[in-house]
Amino acid sequence: MTKDVRVGKPSHSAKLIGANRCTLGCASGRFWKTLSSVVGGLLALGIGLLTSVYLATLHENDLWFSNIKEVEREISFRTECGLYYSYYKQMLQAPTLLQGFHGLIYDNKTESMRTINLLQRMNIYQEVFLSVLYRVLPIQKYLEPVYFYIYTLFGLQAVYVTALYITSWLLSGTWLSGLLAALWYVTNRTDTTRVEFTIPLRENWALPFFAIQIAAITYFLRPNLQPLSERLTRLAIFLSTFLFSLAWQFNQFMMLLQALVLFILDSLDMLPAVKATWLYGIQISCLLLVCTLQFFNAMILGSLLISFNLSVLIVRKLQKNLKTGTFLTRIGKLLLHLLLVFCLTLLLNNIIKRILNLKSDEHIFKFLKAKFGFGATRDFDANLYLCEEAFGLLPLNTFQRLSETLLFYAYVFVLLVTVTTALVVAFHNLSDSASPQPTGQTRKCAVDLKPEAAYNLIHTLLFGVLALSTMRMKYLWISHMCVFASFGLCSSEIWELLLRLLHLCNPKRIWVMRYSVPILTLLYLCCKSWPGMMDELSELKEFYDPDTVELMDWISSNTPRKAVFAGSMQLLAGVKLCTGRTLTNHPHYEDKSLRERTQAVYQIYAKRSPEEVHSLLRSFGADFVILEDSICYERRHQRGCRLRDLLDIANGHEMDGPGESDPDLRPADHPRFCEEIKRNPPSYAAHFTRVFQNKTFHVYKLSRNK
């Protein structure tokens, strides 16, 4: 029996079998990839919604919000939160939408004796939009206005977490990374969000759109995108940047850091210059559009961001062949480029501010100058920020909390690897640049850092510096920390690099490390955090502030509707929300004349004569003044940072209490007003009559005599 053995060429049937297997294998691969994407997408939506429900439940359990009176609900919106919510309430109470808009554009109740355009001064378009939506939708019978408002904010938290999840997924290539990022966000809730107790704050509206923007930029920076995908991604970046800018007055400072990220990466050839230009342009166009909607708000036109972006684009055009030459030549060109951009930015910004006579943001620069040690200051506004814990350095116990969930350890590990990689890539790009590289391409290096990973690396570094210097900004950094750490643990590139260094690299080991480490981390987080989260959800509290409730009820019942009230800006925001009375000042501090007015009103806590205080308050049309014992006898801050100390320093008076004062400060000629008025001597009684008091507040009516 013979066998026909053919060597070299496969039979026709063998070719067909191989082709069929390839087709089946490709189809099977596509199926599992699609299934994985569907599962990952559903998990993103699910964990976003669960986070929203979790935070809403904590808010309800902390205040028993569903069972307290309307005035108590409104009082729970403390400080500027109450001011913003009052405009939502004002729009709903207006007889028509047109009258509501007119009341916001020609407002004379937020600042007495002035008519201001609230849509120009403040970022309250979100309140306008929600009030219109509530009036239009058929939900009035089923949902109270306050619940429509807070549920919208908690719903945005679902968007926020989903966007963080997607960003991490895009960076790592696996939705397991997104799941880990979302879980880290929830388990580090103390340091990632404060929405459950500061619901109407502008950042709670803005940060979800900021997260969407970062996700869109991460996708946009991927190489070789299809033209349609790139156009749609640019649209997503534009819309999210626009909504972020519209929702928060500090948008320009956050986007300035983003522009610095682009500038650094573009200068080091780690980002396609064309895409950087698109992003600069989107930032400028979004700010100009917001400026138009805010009736040409001068603070936006005078922002450093617009000046910086224009300077980068101008200098890039003037300084040709920036990315060619030897290493030393490139370094010299970069230093010159940096100097030109910096000088032109300051020049443009100074010219714009002089043309517009802009002084609205000068308090921020005074604060920054004093904070970073460029001379001590006695400026009241700057010291007011310096003495607030939220504007101080990030406390070290923050890192202890982050370490308990392994987030900080994972972040430092990923940061060390990616920073080292970035330095190697940057050195290679600067060294090997004798000729310009083709547009959109990067040279091969022993290690590689994708543009989207490089962007998120510099982003987390710059926002980390911001958070370390200003505690209030930790929410931007630590939420991105969750994204960056989870990306690193699930990144095949990072594990490949480490295993290659250990001479243990093969695809199987990379796969094992890429999935085993995040899965073990997820199991640890679940075991550690689940009992604590259940305890939080089972802990029931109740809102209790009887003194403030009594004050608001008294004002509503015993004062004219057109009465003007003076007092601390935090309390007056609640007065406007709960009673609708007119204010002398309020917490939205981005206006020079308002800051001067606030300092004048605060003389009620300084060492001034009753005649001086009465004259100041009457100059603003005040009919009543509210004194708070918690401010007059403050013990929360140390000496030198109490409100009364800041006023004494600004007035040139020595401070109270043990301790030294600056030698040029002099003893005051009068006792402290808020203390002396309670004794009711004749000189005070001639100008002020006490009409209400409880354990916390004292209300005095001002006499009409001059």
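**Entry 1: annotated segments.** I began with the UniProt record, an unreviewed entry, whose annotation "transmembrane region" covers residues 38–57, 169–185, 205–221, 286–314, 334–352, 406–427, 477–498 and 510–527. I then turned to the model, which is a predicted one.

I looked up two of these stretches. Over residues 510–527 the chain is 100% helix and 0% strand, and the C-alpha atoms at its ends lie 26 Å apart. Over residues 169–185 I found 88% helix and 0% strand, with 15 Å between the end C-alpha atoms.

**Entry 2: a helix pair.** I next examined helix H21 (residues 451–469) and helix H22 (residues 474–489), whose axes come within 9 Å and cross at roughly 145 degrees. The crossing of H21 past H22 is left-handed.

Which residues meet here? From H21 I noted Ala453, Asn456, Leu457, His459, Thr460, Phe463, Gly464, Ala467 and Leu468; from H22, Lys474, Leu476, Trp477, His480, Phe484 and Phe487. Sorted by class, this contact holds nine nonpolar, five polar and one charged residues.

**Entry 3: nonpolar cores.** I recorded 160 residues in the largest nonpolar core. Those with the most contacts inside this core are Phe77, Tyr149, Trp184, Trp248, Trp477 and Ile626. Helix H7 (residues 145–172) gives the most to this core, namely 15 residues. A second, separate core has 34 residues, including Leu384, Tyr385, Phe620 and Phe688.

Entry 4: What does Phe77 touch, leaving aside residues up to four places away in sequence? I listed Phe65, Gly82, Tyr85, Val146, Ile150, Ile199, Pro200 and Leu577.

Definitions and conventions
Residues numbered from 1 in each chain as written. Predicted model: local features only at pLDDT ≥ 70, side-chain atom pairs only at ≥ 80, totals over all residues. Heavy atoms only, no water. Core = buried A, V, L, I, M, F, W, Y, C linked by side-chain atoms within 4.5 Å. Buried < 20%, exposed > 50% of the residue type's maximum accessible area, 1.4 Å probe, protein only. Helix = DSSP H or I, 4+ residues; strand = E, 2+ residues; numbered from the N terminus. Contact = heavy atoms within 4.5 Å. Axes fitted to C-alpha atoms, helices over the stretch in contact; angles between N-to-C directions. Left-handed = near helix turned anticlockwise from the far one by under 90°. Nonpolar A, V, L, I, M, F, W, Y, C, P; charged D, E, K, R; others polar. UniProt positions renumbered as here; feature names shortened; annotations may be inferred.
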